[in-house]
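Here is a short report on packing and open space in one protein model. Please look at the structure first.

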Amino acid sequence: MEGVIIEGRSLAETPTWSVASVTTVMVFVGLLVERSIYRFGKWLKKTRRKALYAALEKIKEELMLLGLISLLLGQWASWISEICVNSTLFSSQFYLCSEKDYDIIENILVTNSFSFPNDSVIPPEGINTPSHGCGEGREPFVSYEGVQQLHRFLFVLGITHVLYSCIAVGLAMIKIYSWRKWENQVSVVAAKGFQEARSKVMRRQSTFVFHHTSHPWSRSRVLIWMLCFVRQFGSSIQKSDYLALRLGFITNHKLPLSYNFHKYMVRSMEDEFHGIVGISWPLWGYAIVCIFINIHGLNIYFWLSFIPAILVMLVGTKLQHIVSSLALEVEEQKGTSVGNQVKPRDNLFWFGKPEILLRLIQFISFQNAFEMATYIWSLVKSLPLTLLKNYVLLII
């Protein structure tokens, strides 16, 4: 639905210097990206970050899959557009835009067509003007321009998802490395003596228990969820939380107080990144379903845009509830928290499976990338009348 068809020279009629220039730019950009990824992977292997290197390999697999899809769509576009079916199979019910929106776009295109004085430019004669060789009563299964637009959309989706994955990994690593100063402080105290270090950590644990159990709502099984929902908008992890969880981990695994818990956290997070990045087949299936049901009148993308926000708040509330549950367990064991440690374990998570949170985070990242790719594609293809007329979607 470009509206304007511009006739151009074939490759044989194009000067060699212009063809060579375009090829040079494409090869340079491709080699720049490929060498950058290679050197980054080499650095990860050199620094023995095996989990991050595995995550990088998944990103490379995603790029390779997208490249293959792009190649197939580019080469098969003409063949797909030559598949003809009866026009009766096409119903306006399954269009992105309503007939009213098509009339508005058609009027805009016809008005703009008078501004082209060049004879080589063919003005549009209407949205539904047939430009195929299927004959009367038959239409292409997907038009050539439709395949090209799908090609561009999948390309934007892949790039957007890769960027979202990298940003998520970067922000998580920045957050984790901000806790290193607390680990260094404990290490300095642990070097002075066992008793001094243990007493200081115990005082921090008392602060941790008081912070999470002092509110009256923390005693109620229902109101505590509301309290955790509000707390997630504050500081996610405080120093007392980190030291209490550190002490619980060290005690449960019978490790010395000088153990570097921060390094373990970094390694664990790097392992989890491997499960977050990449587009799995259920996510591809979800994207296909969204494309199928994205018909005019449903505003499906508007309603889907609420899912990431709801899931983020749900995950944040659950994590806060886990921390509060650990604090309540310590307080219930004894009147004071001295001598008792928190006991992190898997059964505090949904169905005793922490990986459910990872799957939700992966889905949130993909959904955000999908929404952003749709928005960018709509702007590039000049379709704000149909896909972006709900301005609240832009705010979300």
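A nonpolar core is a set of buried Ala, Val, Leu, Ile, Met, Phe, Trp, Tyr and Cys residues joined through side-chain atoms within 4.5 Å. Buried means under 20% relative accessible area with a 1.4 Å probe, protein chains only. The model is predicted: local features need pLDDT of at least 70, side-chain atom pairs count only at pLDDT 80 or more, and totals for chains, interfaces and linings use all residues. Residues are numbered from 1 along each chain as its sequence is written, and side-chain values use heavy atoms, without hydrogens and water.

The largest nonpolar core has 25 residues. F366 and F370 have the most contacts inside this core. Helices are DSSP runs (H or I, at least four residues), numbered from the N terminus. Helix α13 (355-380) gives the largest share of the core, six residues. Contact means heavy atoms within 4.5 Å. Leaving aside neighbours within four places in sequence, F370 is in contact with F153, L157, A287, C290, I291 and Y301. A second, separate core of 23 residues includes L52, I59, A172 and W182.

Helix α7 (residues 223-231) has I224, L227, C228 and R231 buried. Seen down the axis, the buried residues of α7 fall within an arc of 100 degrees (directions from the helix axis to the C-beta atoms), so they line one face of the helix.

| α2 | 50-81 |
| α4 | 144-177 |
| α10 | 281-293 |
| α11 | 300-304 |
| α13 | 355-380 |

Definitions and conventions:
Buried < 20%, exposed > 50% of the residue type's maximum accessible area, 1.4 Å probe, protein only. Helix = DSSP H or I, 4+ residues; strand = E, 2+ residues; numbered from the N terminus.
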